[in-house]
Amino acid sequence: MRSFPGPALAIVDKLRAAAEQDPACAIAFQGSPGANSHRAATEARPDALPLPCFSFEDALEAVKDGRAGQAIIPIENSQHGRVADIHFLLPESGLSIVGEYFMPIHHALMGLGHGPFEAAYSHPQALGQSRLFLRERGIVPLSHADTAGAAAFVAEKGDPKISAIAPAIAAELYGLDIVETHVEDSADNMTRFVILAADQLSLAALGDTPAITTFVFEVKNIPAALYKALGGFATNGVNMTKLESYQEGASFSASKFYADIMGAPGDPAVDRALEECAFHSKELRILGTYAQGRARG
């Protein structure tokens, strides 16, 4: 908790103290107060107590340790792709995905004064989403742990030549001037968050709500292994909305995959497809089944 920039610490301590009074109602997020994940936490779970954590691992640990009932983690952005290494973090954590939340992302350029600025600090995702804006103005992008933390860092440094790219609320929290709003390069900039808890969501609680099932699997190191593993989804009419490959370890002998499908276990078509995928895989693990945050297709 003490790794946050100085201007953020008082707010962090206040939010942490509130969360400690009712851990079951706390929702952990990565970043300083005012970060996009903070906003997502309050919008996705309006009745929850936001608990700021310095890293994604810290946010997951807060749930595992019982300091928070849930955590919210950004996993992908429409403009800049994968956000967090959820493929590694989530299976290791033992937590389950119990929800998703889609949030439009807007960034502002802020600093002490109105520039010109030599550099802009922010999370690598925000810098990537504002790449053209920064290049056109000759501002050097510099990485920071999170967007609002970058704003607090700029306030702490007191250097009028540096700036931050962060949500507009961060300027208010840390006493900075907003120089320009909507500095993201794409007007439809959207981030998908997943909500995590210690226990899987009850399938009965979903009822007839359209669901997403997320799972990871490792194919066998044989020809056409992926083709065979995915064949069951096609023959059973199960729509796969996401498939990403990743390597674990140094052998590079076989790929692991992170996938989302529409539907839930208990549906005969989903059960058959997952069974066939598991048959052609070394391992298959369901990370969660939860209500769709927005319609697919």
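1. Start with R67. R67 forms a salt bridge with D65, and their closest N and O atoms lie 3.6 Å apart. This comes from a predicted model. R67 has a relative accessibility of 37%, so the residue counts as partly exposed.

2. Now look from R67 to A28. These two residues are 39 residues apart along the chain, yet their C-alpha atoms are separated by 8.5 Å. A28 belongs to strand β1, which covers residues 26-30. Is A28 buried or exposed? A28 is buried, with a relative accessible area of 0%.

3. What does A28 touch, once its neighbours within four places in sequence are left aside? Its contacts are L51, C53, A59, A62, A68, Q70, A71 and I72. Find these on the model to see what surrounds the residue.

4. Back to salt bridges. How many does the structure hold? There are 15. One of them joins R192 to E76, with the closest N and O atoms 2.9 Å apart.

5. Compare the burial of the two partners. R192 has a relative accessible area of 3%, so R192 is buried. E76 has 22% relative accessibility and counts as partly exposed. The cut-off matters here: buried means under 20%.

6. The pair of R192 and E76 also belongs to a network. Which residues do its salt bridges link? They are E76, E100, R192, K242, E244, D260 and R296.

7. Next, a sheet. Five strands form an open sheet, in the order β8-β7-β9-β6-β10, with mixed pairing. β8 (140-143) and β10 (177-181) stand at the edges. Each has a single partner strand, so one side of each is left without a neighbour in the sheet. From one strand to the next, the twist averages 30°.

8. Zoom in on β7 and β9. Strand β7 (residues 119-122) runs parallel to strand β9 (residues 162-166), and 3 bridges join them. Which residue of β9 is the bridge partner of Y121? The partner is A164. As background, strands of a sheet pair through backbone hydrogen bonds, either parallel or antiparallel.

9. Helix α7 (residues 147-157) lies across β6 (108-111), β7 and β9. Helix α7 runs at about 160° to β9.

10. The side chains of R137 and E180 meet at 3.6 Å, N to O. R137 lies in helix α6 (residues 131-137) and E180 in strand β10, so the pair ties together parts that are 43 residues apart in sequence.

11. Last, helix α4. This helix spans residues 86-93 and is mostly covered, with 6 of its 8 residues buried. Which ones are buried? They are I86, H87, L89, L90, P91 and S93. Just after α4 comes G94, which takes a positive phi of about 80°.

Methods:
Residues numbered from 1 in each chain as written. Predicted model: local features only at pLDDT ≥ 70, side-chain atom pairs only at ≥ 80, totals over all residues. Heavy atoms only, no water. Pairing = 2+ DSSP bridges. Helix = DSSP H or I, 4+ residues; strand = E, 2+ residues; numbered from the N terminus. Axes fitted to C-alpha atoms, helices over the stretch in contact; angles between N-to-C directions. Contact = heavy atoms within 4.5 Å. Salt bridge = Lys/Arg side-chain N within 4 Å of Asp/Glu carboxyl O. Buried < 20%, exposed > 50% of the residue type's maximum accessible area, 1.4 Å probe, protein only.
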